[in-house]
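Welcome, and please open your viewer.

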Amino acid sequence: MSLERIERDVIESPYWAIQREKEVRTLISGLDLRNKRILNVGAGRTNLNDELLGQTSGEIVNIDVEKFPNLDLVASATELPFGDREFDAIVFLRVLHHIRDFRIALNEALRCTKLGGFILLSEPYSFMVKLMRAAGLDSHPPNTITRRDIEQFVSEHRFTIRKKWARIFWYYFGYQIQV
């Protein structure tokens, strides 16, 4: 879904860039991503890169459903144009709440993640999404993702939550999920 202009201004601000770097570094903490293939879903205008990761990866593929400069590919999170088990890590930075059915996107991520690989994600708490919607920022679909939703999904697939954060950034939670 397209972002409102005010949302775009906020997420493209210098402050947000600093917070994004902290968020990414926290999500990958303890992971060795050197020579690994990483998919960044919902990259928007901010591509994941080795500088942001703080380490040299093998390859980073940045995708978004909308066309932005510097994207590697325009593609939907619910229909990833990749083969099975192609990526060592798949990253969703504050993206899943923009997708109508986040479970489809996570199932696609599972399909494309190598066994032993990781899905890294951060999401706003549902009260923040409700607050944004009340403020007239309607780029968020009616469904919101809770920590319980993520943990239920992980449990159903018998994966492991390697790390989780109640507050990874501002009012966002985060997970390292091992496939």
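A nonpolar core, as used on this tour, is a set of buried Ala, Val, Leu, Ile, Met, Phe, Trp, Tyr and Cys residues joined through side-chain atoms within 4.5 Å. Keep in mind as you look around that this is a predicted model.

**Stop 1: the largest core**

Select L39, F92, L96, L106, I119, L121 and I150. In the largest nonpolar core, which has 30 residues, these are the ones that touch the most other members. Now colour the elements around them: strand 1 (37–41), strand 2 (59–64), strand 4 (87–93), helix 4 (102–112), strand 5 (113–124), helix 6 (147–157) and strand 7 (172–178) each bring at least two residues to this core. Which element supplies the largest share? Helix 4 does, with six residues.

Next, centre the view on L106. Leaving aside residues up to four places away in sequence, L106 touches F92, L96, I119, L121, I150 and F153. Apart from this core there is another one, made of 20 residues, including V24, L53, A89 and V91.

**Stop 2**

Turn to F87, in strand 4. Is F87 buried or exposed? Its relative accessible area is 0%, so F87 counts as buried. Show its contacts and, beyond residues up to four places away in sequence, you will find R37, I38, L39, V61, F82, C112, T113 and K114. One of these, V61, is 26 residues away along the chain, and the C-alpha atoms of F87 and V61 are separated by 9.5 Å.

The structure has four aromatic pairs. In the pair F82 and F87, the ring centres are 5.0 Å apart and the planes meet at 85°, so the pair is edge-to-face. Both of these residues are buried.

**Stop 3: T113**

Not counting residues up to four places away in sequence, T113 touches R85, F87, D88, I90, F118, I119 and V179.

**Stop 4: rings and charges**

Select Y125, F173 and Y175 together: ring pairs link these residues into a cluster. Finish with R167, whose charged end sits over the ring of Y171 at 5.4 Å from its centre.

Methods. Residues numbered from 1 in each chain as written. Predicted model: local features only at pLDDT ≥ 70, side-chain atom pairs only at ≥ 80, totals over all residues. Heavy atoms only, no water. Phe/Tyr/Trp six-rings, centres within 6.5 Å; stacked < 30°, edge-to-face > 60°. Buried < 20%, exposed > 50% of the residue type's maximum accessible area, 1.4 Å probe, protein only. Lys NZ or Arg CZ within 6 Å of the ring centre and 35° of its normal. Helix = DSSP H or I, 4+ residues; strand = E, 2+ residues; numbered from the N terminus. Contact = heavy atoms within 4.5 Å.
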